[in-house]
Amino acid sequence: MPEPEPRPGSEPPTGPPPPPGGPAGRPADPADPDAGSTQPQEADVLRHILRSPGYLKALVFCGLIGIPVSLAAFWFLVVLHELEHGLWADLPHALGRDAPPWWWPVPLLLVGGTAVGLIVARLPGRGGHDPSSGLHTGGTASAALPGVLLAAAASLPFGAVLGPEAPLIALGGGLALLFRDLAQAPATPRGTALVGAAGAAAAIAAIFGNPLVAAVLLIEVAGVGGPQLFAVMLPALLSSGIGALVFTGLGRWTGLTTGDLGLHLAVPPPRLDVPDVLWSVLIAAVLALVLHPVMAGARATSAYVAGRPAVRTVLCALGAAACAAGYALATGRSPAEVALSGQAALAGLAADPHAWGVGALLAVLLLKGAAYTLSLGSLRGGAVFPALFLGAAAGVLLAPLPGLGVVPAMAAGMAAATAAALRLPVSSVLLVVLLLGSSAMMPVVILAAVVSFVVTELLPPGHGARPPRDASVAEAAGGGPS
């Protein structure tokens with residue numbers, strides 16, 4: 001049978017024949033004219049998303065929404081900061097004490113746990129998402145926002161071993177959707193996901209002080225890739241960048257503070273050598289193994305509290321208070337080093353790591369880790385700041401190892417602990433480098449985050465399933481907003 005002649009205007013193919021099979025190893029579909037050519041398809045999808053009028057409108061709206069969301073996030077953080085300072089510094093001083101006594105966390109967490117238990121049991125939204133289930137980018141319904149704010153205010157300043165990032169994400173996403181509804185904009189699933197993620201990014205930039213960290217964190221939580229990555233990245237970057245500008249300017253204008261995220265190290269970052277790199281691998285693996293039962297215990301605690309939240313939340317809060325009180329009794333140090341998020345204690349540890357003896361470091365790791373487990377499973381907040389502090393404390397404890405310096409050990413410990421707790425290695429690297437204020441430790445930070453993440457993923461999940469990636473944004477961004 002003779003071979004068919006080429007069509008007019010076509011050239012015979014040159015070079016080696018294409019490999020058999022379609023993209024990603026799938027068999028080629030003869031009915032699919034684009035089989036085996038995924039790159040042009042992805043470029044076409046991205047071009048289609050960017051040219052969509054609905055996407056461009058959502059992009060402009062996300063940029064505008066960063067302004068009111070950052071204002072709300074600023075005042076929310078100011079209120080939390082002032083409440084914490086008043087309860088843990090001003091009130092003890094008014095009672096004639098230079099520092100909180102050992103029993104101080106008990107009444108505070110009793111009040112906070114009671115309030116959170118009632119909010120979870122009776123208010124819409126259950127006070128926000130359960131922190132033991134990981135971070136979520138989905139927007140919070142406007143009816144649930146009061147409960148989210150009240151639960152955070154009852155948890156964080158009263159001594160919960162949690163940070164403010166999860167309530168900020170809920171606040172930013174919820175306000176973005178509320179403003180979208182007030183503007184009577186179309187409420188499509190894709191637009192809802194993108195607007196909610198952009199609002200969350202604008203709010204989270206307030207506490208991290210960097211729009212890039214906020215955008216990467218939200219993108220990594222969503223787990224998107226390909227054209228969907230750009231569809232989510234652009235609104236999140238735009239909103240968080242504008243929000244960071246407003247937030248910074250407002251802080252300078254008012255003179256109010258929300259807590260300093262940067263660390264002032266006692267010594268400048270040294271040059272890395274081979275022992276630093278090798279020890280960082282071991283530190284990362286050990287911290288992943290240690291934090292694995294902490295996170296599994298938090299999920300078990302959450303399942304226990306869910307049966308009777310009004311009562312069992314109080315019991316868990318009192319358990320966290322007992323950890324802080326026991327630490328103060330055993331070490332003679334402030335119970336605030338175990339209670340609260342650890343942001344202030346982390347700054348003190350970085351500024352003067354030699355002020356902590358081996359006994360104090362072991363006690364804070366053990367008791368703050370236990371209080372962290374109880375707080376994750378019962379109260380409301382985020383997992384980032386306690387994980388950073390625990391990693392830094394472990395690094396200082398291990399710094400005397402041969403050839404290991406304090407700064408590389410702290411850097412590796414913070415990166416490993418954050419990656420193990422959040423399962424977000426890229427965000428962990430960016431956050432630790434931002435905290436250190438230098439890229440000198442970046443090799444050990446990256447190595448520790450990757451090793452810790454891999455070890456955590458290879459370990460069995462323990463009680464309950466590990467928190468899944470937040471697929472709401474990834475699914476909704478698949479074809480761009482309509």
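I looked up Leu340 first: its relative accessibility is 7%, so I put it down as buried, the cut-off being under 20%. The model is a predicted one. Leu340 is not a glycine, yet its phi is positive, about 70°. I located Leu340 in the loop between helix 10 and helix 11 (343-351).

I then went to Arg126, another residue that is not a glycine but has a positive phi, about 55°. Arg126 lies in the loop that runs between helix 3 and helix 4 (145-155). Its relative accessibility is 40%, so I noted Arg126 as partly exposed.

Next I took helix 10, which covers residues 309-331, 23 residues in total. From first C-alpha to last I have 33 Å, close to the 33 Å expected at 1.5 Å a residue. I listed its buried residues, among them Pro309, Thr313, Val314, Cys316, Cys323 and Tyr327. Several alanines are buried in helix 10 as well, including Ala317, Ala320, Ala324 and Ala328. What do the buried residues of helix 10 pack against? I found helix 3 (105-122), helix 9 (274-307) and helix 12 (358-378). Gly332 follows helix 10, with a positive phi near 75°.

Last, I checked the chain as a whole. I counted 17 helices and zero strands. The chain has 482 residues, and 50% of them count as buried. Of the contacts between residues at least 6 apart in sequence, 80% join residues at least 24 apart.

Terms used. Residues are numbered from 1 along each chain as its sequence is written. This is a predicted model: local features need pLDDT of at least 70, side-chain atom pairs count only at pLDDT 80 or more; totals for chains, interfaces and linings use all residues. Side-chain values use heavy atoms; hydrogens and water are left out. Helices (H or I, at least four residues) and strands (E, at least two) are DSSP runs, numbered from the N terminus. Buried means under 20% relative accessible area, exposed over 50%, partly exposed in between (1.4 Å probe, protein chains only). Contact means heavy atoms within 4.5 Å. The expected span of a helix is 1.5 Å times one less than its number of residues.
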